[in-house]
Amino acid sequence: MNRPENASSAVEALLCEVRVALRRLAEAAEPTTIDLGPLPLSPAEFTALERALGEGEVTARLDALGTTSVRETAVPGVWWVTHDGCAGRVAGPQLEVARWPALLETPAETLRSGLASLDALLDASQERPTPMN
């Protein structure tokens, strides 16, 4: 993480908001999403925020109804999330303060569906007669 040089008050305010969200995550396990899209950040301020948060080691790309990019920052628990819609329009970006991005967590109903599929696969393989030699 890099200390912001001559950061605007908007960047300082966002970093303070991230700090509050990270404290809430650490103390109460409560994630926070900060939508940067509607904020009046100049390109220079956005770049200053990116530089201040730094770059982490984890990136992920999801392809569903457009492309979503998830990038870890140098601050553990703080993630950049950017959605590119089907028409190529960027929706976001967002800062997600969480142990892991919500988009990467498997929903409970999907887990149950996966378990049912695996059960069916294993049940079918056990019902097949084995060749006799």
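This is a predicted model: local features need pLDDT of at least 70, side-chain atom pairs count only at pLDDT 80 or more; totals for chains, interfaces and linings use all residues.
F46, by contrast, is partly exposed, at a relative accessible area of 23%; the cut-off for a buried residue is under 20%.

The structure holds 1 aromatic pair. In that pair, the ring centres of F46 and W80 are 5.3 Å apart and the ring planes meet at 50°, so the arrangement is tilted. Because F46 belongs to helix α2 and W80 to strand β4, the pair ties together parts that lie 34 residues apart in sequence.

## Nonpolar core

The largest nonpolar core consists of 16 residues. Within this core, L36, L49, L53, V78 and L95 have the most contacts. Two or more residues come from each of the elements α1 (9-28), α2 (43-53), β4 (78-84) and β5 (90-97). Helix α1 makes the greatest contribution to the core, giving 6 residues. In soluble globular proteins, nonpolar side chains tend to be buried together.

## Chain organisation

The protein chain contains 3 helices and 5 strands. Their order along the sequence is α-β-α-β-β-β-β-α. Of the contacts between residues at least 6 apart in sequence, 41% join residues at least 24 apart.

## Burial and surface

The protein chain has 133 residues, of which 23% are buried.

Note on methods
Residues are numbered from 1 along each chain as its sequence is written. Side-chain values use heavy atoms; hydrogens and water are left out. Helices (H or I, at least four residues) and strands (E, at least two) are DSSP runs, numbered from the N terminus. Buried means under 20% relative accessible area, exposed over 50%, partly exposed in between (1.4 Å probe, protein chains only). Contact means heavy atoms within 4.5 Å. A nonpolar core is a set of buried Ala, Val, Leu, Ile, Met, Phe, Trp, Tyr and Cys residues joined through side-chain atoms within 4.5 Å. Rings of Phe, Tyr and Trp (its six-membered ring) pair if their centres lie within 6.5 Å; planes under 30 degrees apart count as stacked, over 60 as edge-to-face and the rest as tilted.
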